[in-house]
Amino acid sequence: MAQQTKNMLYSIVRPIATLALRIFYRKIHLSNSHHLLKGKPVILAANHPTGFMEPCILACYLDRPLYYLVRGDLFRKPFYRRLLESLHMVPVYRVRDGGFSAVKNNYETFDYCFNALRDHKTLMILAEGTAEHEKRLRPLKKGTARVAFGALERYPNLEDIYIVPTGVNYTYAEFPRTEVMIDLGEPIKVRDYFEKYKENPNQASAELTETLRQSMAERIVIIERPSDEDLTEYLLQLNRSQRPEKIFPIVDANSQPLLAEKSVADHVNAMPEATRAALLAQAKAYFEQLKVNGITDAALLHPLRSALPSVLLLILGLPFFLLGYVTNILPIRLAQSITKKRVRRPEFRAPVLWAISMGAYLIYWILWLLMLFIFTKPICLLWLLLMPTLGYLAIIYREYASAYNVRRRAARLPSTTRQHLLQQRADLQAQANVQQQLSS
């Protein structure tokens with residue numbers, strides 16, 4: 001009965017979280033999910049650039065329940081422990097979470113993982129161990145290998161255990177309404193390393209971890225040097241401007257955005273130091289000129305050609321925007337205020353904002369439900385179906401209006417200014433492309 005209750009809560013929360021993620025992010029690209037084998041014991045090993053968005057996104061958009069390891073200090077209070085366990089979370093304890101005595105609790109965690117794999121469930125392990133807001137792959141912990149080998153030792157009749165290398169990438173991880181790019185790699189068969197593990201556990205664990213690291217690195221945008229982050233971001237903006245995406249579908253299996261972003265970062269990584277310095281100065285000068293003129297690179301490339309259709313759309317959509325904005329803004333403002341006051345680490349800004357927004361909005365929606373049910377006719381309950389939709393349309397309207405204003409400013413630039421900016425951009429792009437050809 002207790003297990004059924006846990007599964008029921010997971011089943012209730014999952015569709016709500018799925019909808020909230022579709023609103024929170026502009027695009028979610030989830031590619032090669034067919035590598036997640038069905039009916040097999042699978043470990044989904046991913047990087048960890050945010051506090052907890054990675055397991056949430058994958059739990060919502062993959063075709064099966066996920067069971068994932070999270071930091072053990074969150075489980076100290078009985079209420080939180082029951083809540084987290086009901087959401088398929090399993091504690092893993094670190095020395096800093098409570099000393100060496102707390103680490104002993106991991107024996108129970110490993111038993112849980114071994115049994116989950118025996119039952120052909122899918123475990124998710126954040127292989128870096130800690131969250132850092134950076135476009136890099138940090139050294140992997142050996143916990144993934146330990147769980148995989150331990151399960152085969154415990155249950156030698158298992159056919160195999162499959163580790164699926166997963167890369168999670170964000171355009172801007174700390175902000176809402178940005179893009180997520182996730183790619184799943186070909187499964188690594190643990191039995192290929194098991195005979196060596198019997199002879200030399202440490203060496204086999206190191207080899208398996210290195211194979212996993214290499215495969216994860218192939219699907220992660222990696223900026224090797226922190227000093228190159230500004231240059232890479234400038235070049236990424238140029239790249240994104242040339243591949244504008246439609247609003248729908250919000251979730252797709254397109255791997256091209258990730259490949260494009262990774263190509264830019266790899267290109268910068270391969271540049272000589274002097275070239276990077278010169279290109280950074282050139283890019284900085286160009287983007288400062290864009291800022292002076294109040295436009296973006298995308299607006300320069302795609303200025304507003306005809307204002308009439310956009311103006312009509314904005315006028316017709318204004319009443320729906322106002323209605324959606326006024327009736328939905330309260331819980332969002334509350335979440336933004338709490339996040340701004342309480343969250344200091346950038347890794348947790350987006351996750352906390354998303355979680356509080358979802359919880360506050362759900363309470364807000366239930367209060368509307370009670371008020372409409374008590375004080376009005378049941379037909380008015382239909383409003384509850386429209387309210388979240390109008391709220392989402394208000395977000396789209398606001399983004400469209402902002403883009404309209406910037407594109408209009410770009411269209412009104414003096415021709416000499418516009419030509420100068422376009423020439424700066426062309427020179428910058430040509431110089432970057434030349435260096436890419438030289439380094440390839």
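## The loop between strands 6 and 7

Thr 171 sits in the loop that joins strand 6 (162-170) to strand 7 (179-184); helices (H or I, at least four residues) and strands (E, at least two) are DSSP runs, numbered from the N terminus. This is a predicted model, where local features need pLDDT of at least 70, side-chain atom pairs count only at pLDDT 80 or more, and totals for chains, interfaces and linings use all residues. Residues are numbered from 1 along each chain as its sequence is written, and side-chain values use heavy atoms, with hydrogens and water left out.

Is Thr 171 buried or exposed? Its relative accessibility is 7%, so Thr 171 counts as buried; the cut-offs are under 20% relative accessible area for buried, over 50% for exposed, and partly exposed in between (1.4 Å probe, protein chains only). Leaving aside residues up to four places away in sequence, Thr 171 touches Lys 135, Thr 178, Glu 179, Met 181, Arg 240 and Glu 261. Contact here means heavy atoms within 4.5 Å.

Arg 177 lies in the loop between strand 6 and strand 7 too. Arg 177 is not a glycine, yet it has a positive phi of about 60°. With a relative accessible area of 12%, Arg 177 is buried.

## Two other backbone spots to check

His 120 is in the loop between helix 5 (106-118) and strand 5 (122-126). Phi of His 120 is near 60°, a positive value in a residue other than glycine. At 39% relative accessibility, His 120 counts as partly exposed.

Then there's a cis peptide bond, running from Phe 248 to Pro 249, with omega near 0°. Pro 249 lies in the loop between helix 9 (229-241) and strand 9 (251-252).

## The nonpolar cores

A nonpolar core is a set of buried Ala, Val, Leu, Ile, Met, Phe, Trp, Tyr and Cys residues joined through side-chain atoms within 4.5 Å. The largest one has 43 residues, and those with the most contacts inside it are Leu 21, Tyr 25, Leu 44, Ile 57, Leu 66 and Trp 354. Helix 2 (residues 53-61) supplies the largest share of this core, seven residues. Apart from it lies another core, of 36 residues, with Leu 117, Ala 204, Leu 212 and Ile 222 among them.

What does Trp 354 touch? Not counting residues up to four places away in sequence, Trp 354 touches Ala 17, Ala 20, Leu 21, Phe 24, Phe 52, Met 53 and Cys 56.

## Helix 6 against helix 8

Two packed helices are described by the angle between their axes and the distance between the axes. For helix 6 (residues 143-154) and helix 8 (residues 201-217), the axes come within 9 Å and cross at roughly 120°. Axes are lines fitted to C-alpha atoms, for helices over the stretch in contact, and angles run from 0 to 180 degrees between N-to-C directions. Helix 6 and helix 8 are therefore oblique to each other: angles under 35 degrees count as roughly parallel, over 145 as roughly antiparallel, 65 to 115 as roughly perpendicular and the rest as oblique.

On the helix 6 side, Thr 144, Ala 145 and Phe 149 meet Ala 204, Ser 205, Leu 208, Thr 209 and Leu 212 of helix 8. By class, that contact has five nonpolar, three polar and no charged residues. For the classes, Ala, Val, Leu, Ile, Met, Phe, Trp, Tyr, Cys and Pro count as nonpolar, Asp, Glu, Lys and Arg as charged, and the others, Gly among them, as polar.

## Helix 13 and its neighbors

The axes of helix 13 and helix 14 (residues 349-375) come within 8 Å and cross at roughly 145°. The residues making the contact include Thr 327, Leu 330, Pro 331 and Leu 334 of helix 13, and Val 352, Ile 356, Tyr 364 and Trp 368 of helix 14. They divide into 13 nonpolar, five polar and one charged.

Leu 323 lies in helix 13 (residues 307-342). At 40% relative accessibility, Leu 323 counts as partly exposed. Beyond residues up to four places away in sequence, Leu 323 touches Trp 383 and Leu 390. From Leu 323 to Phe 375 the C-alpha to C-alpha distance is 20 Å, and the two are 52 residues apart in sequence.

## Tyr 397 in helix 15

Tyr 397 has its place in helix 15 (residues 382-411), and at 17% relative accessibility Tyr 397 counts as buried. Setting aside residues up to four places away in sequence, Tyr 397 touches Leu 313, Leu 314, Gly 317, Leu 318 and Phe 321.
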